[in-house]
Amino acid sequence: MYGIYPAIDACVTLSEALHAMLTGETLEHAIEVSRTSITTVAMLEMTQAGREMSDDELYGNPAVIDEWDLQWEIFRLLTDCEERDLELIKGLRLDLREAGISNIGIIFQQ
């Protein structure tokens with residue numbers, strides 16, 4: 001039953017990406033993607049723990065910390081780009097795939 005929520009979250013983030021492309025308003029849509037992603041991770045952690053967690057507990061949760069770290073790393077790399085860099089984006093995608101696991105614990109087998 002839990003699996004439906006990450007699937008909905010994936011649709012929400014795809015929708016945000018499409019809206020960003022159509023409107024050119026990337027910042028507000030990127031923020032919403034970030035919020036959705038971190039919420040998905042937090043909800044997974046609470047589901048696996050079988051209980052609600054306080055903000056303090058979530059801020060100290062390794063999966064939540066990893067998600068924030070990854071988001072900041074991507075943000076810094078993209079912010080440092082002076083213009084569109086398709087090779088950087090392809091490299092980021094490859095790095096994420098090579099990690100072998102998603103932010104919500106899905107293990108990729110290639």
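Predicted model: local features only at pLDDT ≥ 70, side-chain atom pairs only at ≥ 80, totals over all residues.

Q: What box do the C-alpha atoms fill?

A: Roughly 45 × 30 × 30 Å, taken along the principal axes.

Q: And how much of the chain is buried?

A: Of its 110 residues, 22% count as buried. As for contacts with a separation of 6 or more, 40% are between residues 24 or more positions apart.

Q: OK, packing. How do α1 and α2 cross?

A: Helix α1 (residues 4-23) and helix α2 (residues 26-49) have axes that come within 8 Å and cross at roughly 170°. Angles over 145 degrees count as roughly antiparallel, and α1 and α2 are therefore roughly antiparallel to each other.

Q: Which residues meet there?

A: From α1 you've got Pro6, Asp9, Val12, Thr13, Glu16, His19, Ala20 and Thr23. They meet Thr26, His29, Glu32, Val33, Thr36 and Thr40 in α2. By class, the contact of α1 with α2 has four nonpolar, seven polar and three charged residues.

Q: What about α4 and α5, what angle do they pack at?

A: About 165°, with the axes of α4 and helix α5 (residues 86-99) 11 Å apart. That makes α4 and α5 roughly antiparallel to each other, and α4 passes α5 in a right-handed crossing.

Q: Who makes that contact, and how does it divide by class?

A: On α4 the contact is made by Leu70, Ile74, Leu77 and Leu78, and on α5 by Leu88, Ile89, Leu92 and Leu96. By class, the contact of α4 with α5 has eight nonpolar, no polar and no charged residues.

Q: Nice. Does α2 run roughly parallel or antiparallel to α4?

A: The two pack at an angle of about 165°, with their axes 9 Å apart. That makes α2 roughly antiparallel to α4. The crossing of α2 and α4 is right-handed.

Q: Which side chains are we talking about, residue by residue?

A: Ser34, Ser37, Ile38, Val41, Ala42 and Glu45 in α2 meet Ala63, Val64, Glu67, Trp68 and Gln71 in α4. The residues of the contact of α2 with α4 divide into six nonpolar, three polar and two charged.

Q: Switching topic: how many aromatic pairs does the structure hold?

A: One. The ring centres of tryptophan 72 and phenylalanine 75 are 5.4 Å apart and the planes sit at 90°, so the pair is edge-to-face.

Q: Where do tryptophan 72 and phenylalanine 75 sit in the helix?

A: They're three residues apart in helix α4 (residues 62-80), which means about one helical turn separates tryptophan 72 and phenylalanine 75.

Q: How accessible are tryptophan 72 and phenylalanine 75?

A: Tryptophan 72 is partly exposed, with a relative accessible area of 46%. Phenylalanine 75 counts as partly exposed too, at 44% relative accessibility.

Q: Last one: where is alanine 30, and how accessible is it?

A: Alanine 30 is found in helix α2. At 43% relative accessibility, alanine 30 counts as partly exposed, because the buried class needs under 20% and the exposed class over 50%.

Q: And how far is alanine 30 from leucine 58?

A: Their C-alpha atoms are separated by 22 Å, and alanine 30 and leucine 58 are 28 residues apart along the chain.

Note on methods
Residues numbered from 1 in each chain as written. Heavy atoms only, no water. Phe/Tyr/Trp six-rings, centres within 6.5 Å; stacked < 30°, edge-to-face > 60°. Helix = DSSP H or I, 4+ residues; strand = E, 2+ residues; numbered from the N terminus. Buried < 20%, exposed > 50% of the residue type's maximum accessible area, 1.4 Å probe, protein only. Axes fitted to C-alpha atoms, helices over the stretch in contact; angles between N-to-C directions. Parallel < 35°, antiparallel > 145°, perpendicular 65-115°, else oblique. Contact = heavy atoms within 4.5 Å. Nonpolar A, V, L, I, M, F, W, Y, C, P; charged D, E, K, R; others polar. Left-handed = near helix turned anticlockwise from the far one by under 90°.
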